[in-house]
Amino acid sequence: MNVGSDKRGVMFLKLEGNVTIEDRRGYPAAVVENLRALLAGGVRAELDPHRGDCYDLEDGARAYYIYISPVSGRVVLLATCLKESPGRSRAASAYSPFFTKSSFDPLALVP
């Protein structure tokens, strides 16, 4: 895993080799493959300050929340949702509460 930052301090993640992604929630294969492509090509990332080794990633209209094992390098897709846009209803945004950093504990999904 390569982690870097630009002049503004923005973090980038790039995973090399065959990236294994565990999908414990059964997201569509296209979503998982898009995440794999993002990680292989390099993506802007934000480290979760409350949960070590967890990152928020964004790609266009979709946001991802992942865990990367510091030991094995395996990636666990914990959550994903469409980002809120001006034309999107609040009810649709409320459907994906994992990005609110509330009481949801995504690491409970990681053995």
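**Strands, helix and core of the predicted model**

User: Which residue of β7 stands opposite I21?

Analyst: The model is predicted: local features need pLDDT of at least 70, side-chain atom pairs count only at pLDDT 80 or more, and totals for chains, interfaces and linings use all residues. Residues are numbered from 1 along each chain as its sequence is written, and side-chain values use heavy atoms, with hydrogens and water left out. Strand β3 (residues 21-23) and β7 pair in the parallel sense over three bridges, where pairing requires that DSSP finds at least two bridges between two strands. In β7, the residue opposite I21 is V75.

User: In what order do the elements of the protein chain run from the N terminus?

Analyst: Helices (H or I, at least four residues) and strands (E, at least two) are DSSP runs, numbered from the N terminus. The protein chain holds two helices and seven strands. From the N terminus on, the order is β-β-β-α-β-β-β-β-α.

User: What percentage of the residues of the protein chain count as buried?

Analyst: Buried means under 20% relative accessible area, exposed means over 50%, and partly exposed lies in between (1.4 Å probe, protein chains only). The protein chain has 111 residues, and the share counted as buried is 34%.

User: Why is β7 described as largely enclosed by the rest of the structure, and how many of its residues are buried?

Analyst: β7 has an antiparallel partner in β6, to which seven bridges join it; within this pair, Y67 has V76 as its bridge partner. β7 counts as largely enclosed by the rest of the structure because, of its eight residues, the number buried is seven.

User: Which residues have the most contacts inside the largest nonpolar core?

Analyst: A nonpolar core is a set of buried Ala, Val, Leu, Ile, Met, Phe, Trp, Tyr and Cys residues joined through side-chain atoms within 4.5 Å. The largest such core has 25 residues. At least two of its residues come from each of α1 (29-41), β4 (43-47), β5 (54-59), β6 (62-68) and β7 (75-82). Those with the most contacts inside the core are L39, L57 and I66.

User: Leaving aside neighbours within four places in sequence, which residues are in contact with I66?

Analyst: Contact means heavy atoms within 4.5 Å. With neighbours within four places in sequence set aside, the partners of I66 are L35, L39, D53, C54, Y55, L57, V75, V76, L77 and L78.

User: Over what arc do the buried residues of α1 lie?

Analyst: In α1, the buried residues are V31, V32, L35, L38 and L39. They lie on the same side of α1, because the arc that they cover around the axis, taken from the directions to the C-beta atoms, is only 120°.

User: Which exposed residues are carried by the face of α1 turned away from its buried side?

Analyst: The cover over the buried residues of α1 includes β2 (11-14), β3, β4, β5, β6 and β7. The face turned away from that buried side carries the exposed residues A29, A30 and G41.

User: How far does α1 reach from its first C-alpha to its last?

Analyst: The expected span of a helix is 1.5 Å times one less than its number of residues. α1 has 13 residues, for which 18 Å is expected, and its reach is close to that value, at 18 Å.

User: Which residue takes a positive phi near 65° in the hairpin of β4 and β5?

Analyst: β4 and β5 pair in the antiparallel sense over three bridges, and L47 has Y55 in β5 as its bridge partner. Most residues other than glycine have a negative phi. The hairpin has six residues between its strands, and the one with a positive phi near 65° is D53.

User: What is the relative accessibility of D53?

Analyst: D53 lies in the loop between β4 and β5. This residue counts as partly exposed, because its relative accessibility is 29%.

User: Which residue takes a positive phi near 60° in the hairpin of β5 and β6?

Analyst: Six bridges pair β5 with β6 in the antiparallel sense, and E58 stands opposite A63 in β6. Two residues separate the strands of this hairpin, and the positive phi near 60° belongs to G60.

User: What distance separates the C-alpha atoms of K83 and A63?

Analyst: K83 lies in the loop between β7 and α2 (90-94), and counts as partly exposed at 29% relative accessibility. Along the chain, K83 and A63 are 20 residues apart, yet the separation of their C-alpha atoms is 5.9 Å.
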